[in-house]
Amino acid sequence: MKLTTMTSKLINYLVISAIWIFGIMSSPLWSAEFSDLDIGEAFKGSLSHNQPERGFKVVCNKGDYLTGYLDSPKYPLTLDVINSDGKIIRRLVHNQSGKNYFYLVAENCSNTWRVSGLGRYNLKLEAQVSIEDQAPPQTESPLSPRVKTLENALKVGSTTDSFWADVEESGTPLIEKTPAGILMTFLARGDYSNVKLLGAPSNDHESLKRLGQSDTWYKSFHVPQDTHLSYQIAPNVPYPPFSGFARRVAIKAVAQQDPYNHFPWPASSIDKYSGYSTISLSTKTKEPKNQITEVAKKGTLSSFSFTSPTLKNTRNITIYTPALKNQAPLLLYIFDAQKYLELVELPKMLDELIANKNIPPVITVFISNPDAASRANELPANNLFADALANELVPQVNQRLNIPIPSTRVIVAGSSYGGLAATNAALRHPKVFGNVLSMSGSFWWAPKENQINSQHYMAKQFITMSQKPIRLFLSAGLFETSRGVGDGILETNRHLRDVLLAKGYTTYYKEYSAGHDYFSWRDIIADGLMTLFPQME
């Protein structure tokens, strides 16, 4: 059978795309062109079928803090750091379009940076800060009995070797029962200038303290007995001479899996920077359920490209269709598609939940973000975005499904900004979205013109509007408290819960011993679905 030109091009595109999406292109870049990437200057280029990759050399010194962005206006691209053997050392941007920022600390300046994919792009190195221009932050004192015992041993001439041998066997973080409750201690080992914790059981990036002049760093927290979270250890965090957010995100340059933790997540992490370490105290051991049980009957995925005249952009939409259709299905719309497809692995979770009859069959529509800038503009209670969902996307989905599903069985869900977007969409279009599943919804957010007077914008919308025919499941983490400026996620979710109950809405509200964390949201979305639509025996 003779292939048409269009079909041939499509096959070529899919083959090349599959190669760079999954990181299989690990051979040395002997055929790629190389360019110098200089600080402050954007390199503009284009990749094609004949040249699907380009290499760059960055002049740097070990320990330099580097930050910049890869901007692809149309097609998703990948940015990797590779060594002389062609091995991927770090993935900075994974299959993303739009402007995507990266942060790292230079480890080996002889490595090559590689952009791969198809289409036009701009690559810019915006900042380069040497170690000499970075200052370490202040740290705190310890609490752990085991660390205190080590401290006493060091004073009489012992080493840390036996302590770390025990830690390697038992795993991190340390869990100790004290008179004040359960103590969780995070550890790091090395000759570092500083160490921070990303994903701590608190509302901030926490600093670990060095034990004297030893190689041991520690930070302890009293935690609830059902704490469930993921985290990363960040050694030698750059402290560039920036302010605010630009300094705060420097932790992303070095945040990585804890090498002494026994439960890394997810299993598909391509490098130590893209993975997390996990801990769960709700089970008999510290071991969380990181692997989803495979079932015989699996749902299917299909995709289409959705262009919105209102938003003037295009995004990919993925539809999960369950294998079991023995009863009327639910229809779930969820934001941040890539995270819930790849990191959370929601389709596999739904397969298991449906097979075990925990929930009815759920057709799920995964809504992607065109790029990071669009997400920041569309998800925070953007009425134009809500209208585009209800008036443009939903009709296209309904046409493809060809199954009438009443709004009472339609759920719109999301986490963080996504929880805020889901709530706003249902409030604005209750005849389309009859249920809300919000995980750590960013209800602290308010339009700029309202931020001076209130951070309870969404609660005020419910107060001033007549009651709508919607039900809501809200959740928040106990560690998502305010950082001292206004109310945080926990406080604003509690306030919204009170408003909803006072207005007569059917509202389910749960708090978890967790933080702002996809590892926690993975369990919470299952809990939310089972709460909104419990299966009857």
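Which element gives the most to the lining of the largest cavity? In this predicted model, the answer is β5, with 4 residues.

**View 1. The largest cavity, with a volume of about 170 Å³.** By class, the lining splits into 12 nonpolar, 2 polar and 2 charged residues.

**View 2. The second largest cavity, at about 40 Å³.** Its lining is made up of Lys297, Tyr320, Pro322, Ala323, Leu324, Leu350, Asp351, Ile354 and Ala355. Here helix α6 (residues 346-355) gives the most, with 4 residues. Sorted by class, there are 7 nonpolar and 2 charged residues in this lining, and no polar ones.

**View 3. Trp445 and Tyr457, an edge-to-face pair.** The structure has 17 aromatic pairs in total. In this one, the ring centres of Trp445 and Tyr457 sit 5.7 Å apart, with 90 degrees between the planes. Trp445 is in the loop between β22 (435-439) and α10 (457-464), while Tyr457 belongs to helix α10, so the pair ties together parts 12 residues apart in sequence. Trp445 and Tyr457 are both buried.

**View 4. Rings in a cluster, and rings with a charge over the face.** Phe43, Phe56 and Tyr121 make up one aromatic cluster. Elsewhere, look for Lys99, which lies over the face of Tyr69 at 4.4 Å from the ring centre. Arg400 does likewise with Phe304, lying over the ring face at 3.7 Å from its centre.

**View 5. Asp387 in helix α8.** Is Asp387 buried or exposed? Its relative accessibility is 17%, so Asp387 counts as buried, the cut-off being under 20%. The helix around Asp387 runs over residues 383-401. Leaving out residues up to four places away in sequence, Asp387 touches Glu392, Arg428 and His429.

Conventions:
Residues numbered from 1 in each chain as written. Predicted model: local features only at pLDDT ≥ 70, side-chain atom pairs only at ≥ 80, totals over all residues. Heavy atoms only, no water. Helix = DSSP H or I, 4+ residues; strand = E, 2+ residues; numbered from the N terminus. Buried < 20%, exposed > 50% of the residue type's maximum accessible area, 1.4 Å probe, protein only. Contact = heavy atoms within 4.5 Å. 1 Å grid on protein atoms, 1.4 Å probe; cavity = no way out; pocket = protein on both sides within 12 Å on 5 of 7 lines; lining within 4 Å. Points joined across faces, edges and corners; volume = space filled by probe spheres on them. Nonpolar A, V, L, I, M, F, W, Y, C, P; charged D, E, K, R; others polar. Phe/Tyr/Trp six-rings, centres within 6.5 Å; stacked < 30°, edge-to-face > 60°. Lys NZ or Arg CZ within 6 Å of the ring centre and 35° of its normal.
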